[in-house]
Amino acid sequence: MIPAMRDGRQADTERRRRRVATAVRNAAKNGTPISVAAIARQAGVDRSFLYRQRDLLEIVHAAELEPAAQDPAGGSPVSRASLQADLANAQARNTRLAARVQQLEKRLSQALGTQAWQESGLGAPADIDELQRKITRLEQHNVELTSALAEARSDLDAAREANRDLTRALNQRG
């Protein structure tokens, strides 16, 4: 690399570093929220610049953890660490609630599915024993009717035979 270009890049890096340091001091002094994105925006640098400059990144993170300036509403000072703890607790609660919602949705889906299955007539009815008894009665009734039909056919065949005999006897007399 050409020395002049290298010197120019180093000078540009130093200017950006000074702007970042100034932005951190101003944010701490004014009580404005401190984050990598906010400091990068105030200093006019890209966030990736801060991530490449580890010492600056540590300064920003240290400033984030410092207690914030007195709340203008008159409340007690709130530190970044306490807010992060509150956020972590809220996220854990959200995770638990999301799992519970998913569990309840699954139970509701199963209950609605079972209800729809039973109402459609496709599912096994709740009174299977009663239906089994009814099937047994109907099968017995079917056997009785089949037997009665066979007896009626036998009687009919006998009546037809008697009718033929009588008809023959009448025809022979005459």
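At what angle do α1 and α4 pack, and how far apart are their axes?

**Entry 1: ground rules.** I am working from a predicted model, in which local features need pLDDT of at least 70, side-chain atom pairs count only at pLDDT 80 or more, and totals for chains, interfaces and linings use all residues. Residues are numbered from 1 along each chain as its sequence is written, and side-chain values use heavy atoms, with hydrogens and water left out.

**Entry 2: overall make-up.** I looked up the secondary structure and found 6 helices and 0 strands. Helices (H or I, at least four residues) and strands (E, at least two) are DSSP runs, numbered from the N terminus. Along the sequence the pattern reads α-α-α-α-α-α. Of the 174 residues, 13% are buried. Buried means under 20% relative accessible area, exposed over 50%, and partly exposed in between, with a 1.4 Å probe and protein chains only.

**Entry 3: α1 against α4.** I went back to my opening question: the angle is about 5 degrees, and the axes lie 10 Å apart. The two helices are therefore roughly parallel to each other. On the α1 side I noted R17, V20 and V24, and on the α4 side D55, L56, I59, V60 and A63. By class this contact has 6 nonpolar, no polar and 2 charged residues. Axes are lines fitted to C-alpha atoms, for helices over the stretch in contact, and angles run from 0 to 180 degrees between N-to-C directions. Angles under 35 degrees count as roughly parallel, over 145 as roughly antiparallel, 65 to 115 as roughly perpendicular and the rest as oblique. Contact means heavy atoms within 4.5 Å. For the classes, Ala, Val, Leu, Ile, Met, Phe, Trp, Tyr, Cys and Pro are nonpolar, Asp, Glu, Lys and Arg are charged, and the others, Gly among them, are polar.

**Entry 4: the core.** Which residues have the most contacts inside the largest nonpolar core? I found V20, V24, I34, I39, V45, L50 and V60, in a core of 16 residues. Helices α1, α2, α3 and α4 each supply at least two residues of this core. A nonpolar core is a set of buried Ala, Val, Leu, Ile, Met, Phe, Trp, Tyr and Cys residues joined through side-chain atoms within 4.5 Å. I also checked V45, which touches R16, R19, V20 and A40 once neighbours within four places in sequence are left aside.

**Entry 5: α2.** In α2 (residues 36-43) I listed V36, A38, I39, A40 and A43 as buried. These pack against α1 (3-30), α3 (47-52) and α4 (54-65). Just after α2, G44 has a positive phi of about 75 degrees.

**Entry 6: loops.** P33 and R80 are 47 residues apart in sequence, yet their C-alpha atoms are 9.1 Å apart. In that loop I also looked at T32, which is partly exposed at 32% relative accessible area. T32 touches A27 and Q42, not counting residues up to four places away in sequence.

Q53 is in the loop between α3 and α4. Beyond its neighbours within four places in sequence, Q53 is in contact with T13 and R17. The side chains of Q53 and R17 are joined by a polar contact of 2.8 Å. A polar contact is a pair of N or O atoms within 3.5 Å; within protein, one must be able to donate a hydrogen and the other to accept it, and residues adjacent in sequence count only if both atoms are side-chain atoms.
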